[in-house]
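Hi,

Here is the structure I promised to pass on to you.

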Amino acid sequence: MSKNTNKNLIKTEEQIEGIAASGAILNRALGRLQKAAKEGVKLSFLDKLAYDLITDEGGVPSFLHYRPEGASEPYPASICASVNNIVVHGIPRDYVLRAHDVLKLDLGVNLDGYFSDSATTVFVGDEKEMPKEIKRLIDGTKIALEEAIKVSIIGNSLGDIGWAIEKTANKFKLSIAEGLSGHGVGLAVHEDPFVWNFGNPKTGMKLREGMVLAIEPMFALGEGEIVSLSDGSYATEDGSIAAHFEHTISISKSGPVILT
Ligand code: MG
Ligand code: MG
């Protein structure tokens, strides 16, 4: 999945500025998609919207035609749109959104060779009708990302990020989607290192100034076992609903900086 890009582990100030510019385009597009994700909307419409929004600003959707190691064919869309029990890599085709769907939107932007990656989870329909357990799922996953970002400081390690996420999953009584992780990013869609959603404090690679990471907790209401479907998407094995939040961040002297 990731090339050996150790030489790119530490980004220059100029590179981080480029990734931030890429992330700004991504952030605007994701905000617009979130608003457009309403009952009755086809996923392929959101995909087209994302393509237009990103390319209008001079970016390229980095998932489009991307072929991860081991994949049989390149990815056919600009976004991943994963509904309910689908955790990630859902392909936006003819599915029409229904009230109370839990939609994960995942987006990558390449701006002049600088890559950013971010995801969010949307509850389709009236938020007042959100079932309590769905609120627990979405809030818990979002807070896990916030907690992980808080500990993304120089001198801490990847284990601290993993532990912050794992601790939050436990607190909200949620399962961590197994086998899926965050990653380095910035000069390619996926770079080293893996950023796991579990871990032990003070273990693993030390965080250093200039690292750029995509941190992405993925939690499920049921068990955490994941199965790979024939279209390349990943679903919970027990059919339970999943949530996903992701930001691209950089590690700086003054603390973590969210680039998306
Ligand atoms: Mg992503
Ligand atoms: Mg990612």
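**Charges, then the rest**

The chain carries 26 positive and 35 negative charges, and their mean positions are 4 Å apart. For this count, Lys and Arg are positive and Asp and Glu negative, while His and the chain ends are not counted. Each charge is placed at NZ of Lys, CZ of Arg, CG of Asp or CD of Glu.

Some housekeeping before you go on. This is a predicted model, in which local features need pLDDT of at least 70 and side-chain atom pairs count only at pLDDT 80 or more, while totals for chains, interfaces and linings use all residues. Residues are numbered from 1 along each chain as its sequence is written, chains are lettered from A and ligands numbered from 1 in the order in which they are written, and side-chain values use heavy atoms, with hydrogens and water left out.

**The overall picture**

You'll find four helices and 15 strands in the chain; these are DSSP runs numbered from the N terminus, with helices being H or I of at least four residues and strands being E of at least two. The radius of gyration is 17 Å, close to the 18 Å that the globule rule gives for 260 residues, so the chain is as compact as a globular protein of that length. (That radius is taken over C-alpha atoms, and the rule is 2.2 Å times the number of residues to the power 0.38.) Along its principal axes, the C-alpha trace spans about 45 × 40 × 35 Å.

How much of the chain is buried? Of its 260 residues, 55% count as such. Buried means under 20% relative accessible area, exposed means over 50%, and partly exposed is in between, using a 1.4 Å probe and protein chains only. The accessible surface of the chain comes to about 11800 Å², and 52% of that belongs to carbon and sulfur atoms. Those areas come from the Shrake-Rupley method with a 1.4 Å probe, and for residues only the protein chains shown count as cover.

Contacts (heavy atoms within 4.5 Å) say something about the fold too. Among those between residues at least 6 apart in sequence, 69% join residues at least 24 apart.

**The two magnesium ions**

Now for the part I'd zoom in on. Which residues hold the magnesium ion (ligand 1)? It is coordinated by Asp-106 (OD), Asp-106 (OD), Asp-117 (OD) and Glu-246 (OE), at 2.0 to 2.6 Å. Donors here are N, O and S atoms within 2.8 Å of the metal (3.2 Å for Na, K and Ca); water is not among the atoms, so sites may look incomplete. Along the chain, the donors of ligand 1 follow the spacing D-x10-D-x128-E. Asp-106 sits in strand 4 (residues 102-111) and Asp-117 in strand 5 (residues 114-123), eleven residues apart. Both of these aspartates are buried.

**A few backbone details**

The peptide bond from Asp-192 to Pro-193 is cis, with omega near 0°, and Pro-193 is found in strand 8.

Asn-84, in the loop between strand 2 (79-83) and strand 3 (86-88), has a phi near 55°, a positive value in a residue other than glycine. At 17% relative accessibility, Asn-84 counts as buried. His-100 has a positive phi as well, near 75°; it is found in the loop between strand 3 and strand 4 and is partly exposed, with a relative accessible area of 35%.

**Out in the loops**

Thr-203 lies in the loop between strand 8 (191-195) and strand 9 (212-215). It touches Ser-157, Leu-158 and Gly-159, not counting residues up to four places away in sequence. Is Thr-203 buried or partly exposed? Partly exposed, with a relative accessible area of 35%.

Finally, Glu-127 is in the loop between strand 5 and helix 3 (132-150), and it is exposed, at 58% relative accessible area.

Cheers
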